[in-house]
Amino acid sequence: MKILHVPCLEDNYSYLIIDESTKEAAVVDPVEPEKLVNAANEHGLHLKLVLTTHHHWDHAGGNEKIKEMVPGIKVYGGSLDNVKGCTNKVENGDKVSLGADVNILALHTPCHTKGHISYYVTGKEGEDPAVFTGDTLFIAGCGKFFEGTAEQMYQSLCVTLGSLPKPTQVYCGHEYTVKNLQFALTVEPDSVKIQEKLSWAQKQRRAGLPTIPSTIEEEMETNPFMRAELPDVQAKVGCHSPVEALRKIRLMKDNWRG
């Protein structure tokens, strides 16, 4: 299994997931389909599937066009999300296979949108799994609660995604990492792990490089929204439960002008 990132729009990421033995590929959120089709052609890939994380235009807006460009391509999207161009609706626990060795598991991770899906992808034995989290989990952040509640985001982040294997590579929908880590330091100013990751992320961006992927383990160490479970973090924001802390941290982030 190989994963290529394709920067789109101002700060979006689309992805190609490649089954190396068959050269079959899936695309995640191809908002600029021409870029994805060109990248696939350059690498000699056969595009088979579109995996849409949620219905917002900057993720699903290229679905109709890619169907025209690649006749017969299947477009997957959450059953509750009214995804543009969707041919195959998925629910939590649905499985899709790609090529010989790649398996994709749909995880319902609602809150940002009510039907948001994260895709957990495994390859051959010995390869680290990956998860494509759209706008639910960002590196050191999470999506705004547009269509859901703090309870749902807690379930999506800390329970559903938090229970994935720690080495799982995290590929999110936007390059927001530097700002997210700067905010994370306002919650935990003494965290050496956050300080180190921030200086690494700033170096990456200065060099024009992405900050993806992260890992589930790194997120548990540096993401204030996933750390809302910790009594220490709850105390820092004056709360007594993970959900309450998550709600408070989201409110703080919404009002933060870093």
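# Notebook: cysteines, sheets and one serine

**Cysteines.** I started with Cys8, whose sulfur lies 13 Å from the closest cysteine sulfur, in Cys172, and that is too far for a bond. I was looking at a predicted model, so I keep that in mind for every entry here. A disulfide would need the two sulfur atoms within 2.5 Å. Next I asked: which cysteine sulfur is closest to the one in Cys172? It belongs to Cys142, 12 Å away, again too far for a bond. I then searched the whole structure and found zero disulfides.

**The whole chain.** I stepped back to take in the overall picture. I counted nine helices and 14 strands in the chain. A compact globule of 258 residues would have a radius of gyration near 18 Å, and the chain has 18 Å, so the two agree. Along the principal axes, I noted that the C-alpha trace spans about 55 × 40 × 35 Å.

How much of the chain counts as buried? The figure I wrote down is 53% of the 258 residues. The exposed surface comes to about 11200 Å², and carbon and sulfur atoms supply 49% of that. I also checked contacts between residues with a separation of 6 or more: 59% of them join residues 24 or more positions apart.

**The six-stranded sheet.** Here I followed the strands one by one. They form an open sheet in the order E1-E2-E3-E4-E5-E6, and the pairing is mixed. Which strands stand at the edges? They are E1 (2-8) and E6 (88-90); each has a single partner strand, so one side of each is left without a neighbour in the sheet. From one strand to the next, the twist averages 25°.

I zoomed in on E1 and its partner. E1 and strand E2 (residues 12-19) run antiparallel, and seven bridges join them. A reminder to myself: strands of a sheet pair through backbone hydrogen bonds, either parallel or antiparallel.

E7 (residues 95-98) and E8 (residues 102-108) pair in the antiparallel sense, over four bridges. For an example, I looked up Val96 and saw that its bridge partner in E8 is Ile104. Which residue takes a positive phi in the hairpin of E7 and E8? It is Gly99, with phi near 60°, and the hairpin has three residues between the strands.

E8 has another antiparallel partner in E9 (residues 117-122), joined to E8 by six bridges. One pair I marked there is Asn103 with Thr122 of E9.

I ended with a serine in strand E7, Ser97. Ser97 is exposed, with a relative accessible area of 52%, just as the cut-off for exposed, over 50%, requires. What does Ser97 touch, leaving aside its neighbours within four places in sequence? I found Leu49, Val102 and Asn103 in contact with Ser97.

Methods:
Residues are numbered from 1 along each chain as its sequence is written. This is a predicted model: local features need pLDDT of at least 70, side-chain atom pairs count only at pLDDT 80 or more; totals for chains, interfaces and linings use all residues. Side-chain values use heavy atoms; hydrogens and water are left out. Two strands pair if DSSP finds at least two bridges between them. Helices (H or I, at least four residues) and strands (E, at least two) are DSSP runs, numbered from the N terminus. Axes are lines fitted to C-alpha atoms, for helices over the stretch in contact, and angles run from 0 to 180 degrees between N-to-C directions. The radius of gyration is taken over C-alpha atoms; the globule rule is 2.2 Å times the number of residues to the power 0.38. Buried means under 20% relative accessible area, exposed over 50%, partly exposed in between (1.4 Å probe, protein chains only). Contact means heavy atoms within 4.5 Å. Accessible areas come from the Shrake-Rupley method with a 1.4 Å probe; for residues, only the protein chains shown count as cover.
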